[in-house]
Amino acid sequence: MKRRPSAVALAAGAGAHPAIPDLAATARRNAADRRDFLRTATLLGLSATAAYALAGLAPGTARAAAGASGGTLRISMKVQEMTDPARFDWTEKSNVARHIVEYLTMTGTDNVTRPYLAESWSASEDLKTWNFRLRRGVRWSNGDAFGAEDVAYNFRRWVDPKTGSSNKSLFSGLSAGGVEVVDRHTVRLHLSKPELAIPENLYNYPAAIVHRRFSDEGGDLSKNPVGTGPYRLAEFSIGQKAVLVRREKSAYWGPRPNPERILYIDHGDDPMAGIAAIASGQADLNYEISPDQLELVQAMPQLQLLEAATAQTAVARMRVDRPPFDKVAVRRAVQACIDHDRLLELGYRGRGAAGEDHHVAPVHPDYAALPKQRQDYALARKLLAEAGHPNGLELSIDCRSAPSWEPTTVQAMSAMCRPAGIDLKINTMPSEQYGDIWNKTPFGFTGWTHRPLGVMVLNLAYRSAAAWNESAYANSAFDRVLDRANATLDIPARRRHMAECERILQRDAVIVQPLWRSIFAVGSKNLRGYRLHPTNYHQLGGAGLG
């Protein structure tokens, strides 16, 4: 007898991935968090509305009160070079560019991924074939029609080692030959291995879609700012300002954003300058502040504090191919000196969660809780002796001078290392200088932004030969377990694979990770319609002054 479809299967709709009914049933049995189901189902191509309904949750994200349309929105943020989006390595670069060039998907402040330039997508049952159906009627700012050739061009650029894009690590199962143009508005990806996170990878900040002739026309977005976005670049000066002007209503495919102009003003590394600019009416929003500015901001009635819980962090990573960090005993000795709970208090005033030295956050749906790590000076001294340093060890760590919580945290780490005989000297430097050496220095403290899934940052930073593998870590056993996590739809099963990934990273002592942090920004009291994104991506369409 033919099996009747379940109510869940009917709700998912025709063409839905066959795993969705089972995922929904698992969530309803409370074997998985319903919001974790929500994220997984939308990655598989289910609409956010249908996924919210199947999860039994209220639809959508709470929206801030709408701001007034028109006028200029002024933002205090560093204005960095903006040459090639595929090679972006700081979020600030993308915050100027994202108003000009757009993404195939968009992940909201609720960590749910929704259509953007791709109006829908679907995956094969084995997660090796992905179809992206593109929006019709989209035009580039130079008048050309947007289509599948543009998207295919970007995928092929990303996976070409000559491009030097970190996206290559996020699409490690894709080759240039695996990108198929099905028709003018459909692109198909043929992967060599299963991958669940493809749609979320497409909102990673270096994944902005550029014109199919981007390289032929100079390969510099700041000099040739052709995009599908709602703004055109009117002025751009590194270290000073960027001015964006809203395109005509008829020229843009999507909803018209509120601000007529967006002005980014570079006030340097000191967030106090940005706070002062807002307080004096010269700016409306800043990029970020540190916890040590919270009391000041809360005492100023003309300001509003914005906050988001995130998977943002910074890691003290050791190059495992450079002495003395080529000895795991040295790396484990440094780890053993650390009291993570105390570091959270000293470095970030407790506004976040303690780190666990594996770069998967409690807010990630694929996070697995492991036994808590303990500070152990006897173990640290024993490990140093095993590594040939019975009388102690001198080390040096490089870090940025701003934001201020980073050197503060490193200073606390240095003090914690001292009782074990580790003399950790600190070399602070401007952000731009650290940006030149972040993946080269033997020991460095590097900030990492939020990503919605734990597997994303592991693919970027710890997979063998990954583009942003700043520690030069290479472990084939880790890579195999990570591949299984990438390919697993069942949420509890994926967590079991992630637990093994986390244990391997802890055991191999690649990083000391002090904390996970909430992020904070400041806006004027008149700012409306803006919510702080956990990745600090500027989504400003509804923002305005009122």
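Pro 324 lies in the loop between strand S12 (303–318) and H11, where helices (H or I, at least four residues) and strands (E, at least two) are DSSP runs numbered from the N terminus. The peptide bond that links Pro 323 to Pro 324 is cis, with omega near 0°. The model is a predicted one, in which local features need pLDDT of at least 70 and side-chain atom pairs count only at pLDDT 80 or more, while totals for chains, interfaces and linings use all residues. Residues are numbered from 1 along each chain as its sequence is written, and side-chain values use heavy atoms, with hydrogens and water left out.

The mean pLDDT (the predictor's confidence in each residue, from 0 to 100) of the protein chain is 92, and 93% of its residues reach 70 or more. Over residues 1–14, however, the pLDDT is below 50, and this stretch has 10 contacts in the model beyond near neighbours in sequence, a contact being heavy atoms within 4.5 Å. Where pLDDT is low, the predicted coordinates should not be read in detail.

Four strands form an open sheet in the order S4-S5-S7-S6, with antiparallel pairing; two strands pair if DSSP finds at least two bridges between them. Strand S4 (118–123) and strand S6 (179–183) stand at the edges with a single partner strand each, so that one side of each is left without a neighbour in the sheet. Neighbouring strands of this sheet are turned by 20° against each other on average, direction ignored; such angles run from 0 to 180 degrees between N-to-C directions, and axes are lines fitted to C-alpha atoms, for helices over the stretch in contact. S4 and S5 run antiparallel and are joined by five bridges, with Phe 132 in S5 as the bridge partner of Trp 121. The hairpin of these two strands has five residues between them, and in this loop lies Leu 127, which has a positive phi of about 65° although it is not a glycine. Most residues other than glycine have a negative phi. Helix H6 (residues 148–159) lies across strand S5 (129–134), S6 and S7, and runs at about 175° to S6.

Helix H11 (residues 328–336) packs with helix H13 (residues 377–386) at an angle of about 160°, their axes being 8 Å apart. H11 is therefore roughly antiparallel to H13, given that angles under 35 degrees count as roughly parallel, over 145 as roughly antiparallel, 65 to 115 as roughly perpendicular and the rest as oblique. On the H11 side the contact is made by Ala 329, Arg 332, Ala 333 and Ala 336, and on the H13 side by Tyr 377, Leu 379, Ala 380, Leu 383 and Leu 384.

The axes of helix H17 (residues 476–487) and helix H18 (residues 491–508) come within 8 Å and cross at roughly 155°, and H17 is therefore roughly antiparallel to H18. Residues of H17 including Phe 478, Val 481 and Leu 482 meet residues of H18 including Met 498, Ile 504 and Leu 505.
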